[in-house]
Amino acid sequence: MPCPNTPGKASKLYQEFEEAQQISEKEIQVKLDISAELLVMAWEEAIEEDESHEVTPDSLIELIHSHKGSAIEKYMAWKLLRSDMAHVFFKDLKNHGRVVAFKAKAPKAVEAAKDQFCQTRVDEEICFT
């Protein structure tokens, strides 16, 4: 995404990011059209296809929607990957303390994390996948 070159475009972009910062995990799932089931699919794909087992916000958008994500889509995908639900499947990869990507957990680790997650959130969609 090119840098906005007018005050109106810059203000609009800033407003979009400000709104994205405030929305809930559920709203992010709706806006990105990424359900718990699709998140499971992304985890399976990372485990099976990618030797590094890494997922980035951009690769998540590309995998699920078959297009490069816009800046706002990548930001919301990053927020989704940082959520409690996503941490059932992925762990943070950090470089100098900064999260740079997410690594798919091993199947046994996912089962344990899912059991723990679902003990406190029985109504979550992920608990039924």
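Start by selecting aspartate 33, which sits in the loop between helix H2 (25–32) and helix H3 (36–49). Helices here are DSSP runs of H or I with at least four residues, strands are runs of E with at least two, and both are numbered from the N terminus. You are looking at a predicted model, where local features need pLDDT of at least 70, side-chain atom pairs count only at pLDDT 80 or more, and totals for chains, interfaces and linings use all residues. Residues are numbered from 1 along each chain as its sequence is written, and side-chain values use heavy atoms, leaving out hydrogens and water.

Stay on aspartate 33 and check its backbone: phi is positive, about 55°, although this residue is not a glycine. Most residues other than glycine have a negative phi. Aspartate 33 has a relative accessible area of 53%, so it counts as exposed (over 50%; buried is under 20%, partly exposed in between, with a 1.4 Å probe and protein chains only).

Next, select histidine 53, in the loop between H3 and strand E1 (54–55). Histidine 53 also has a positive phi, near 60°, and is partly exposed at 24% relative accessibility.

Now show H2 together with helix H5 (residues 71–81). How far apart are the axes of H2 and H5? They are 10 Å apart, and the helices pack at an angle of about 135°. Axes are lines fitted to C-alpha atoms over the stretch in contact, and angles run from 0 to 180 degrees between N-to-C directions. H2 is therefore oblique to H5, the class left after roughly parallel (under 35 degrees), roughly antiparallel (over 145) and roughly perpendicular (65 to 115).
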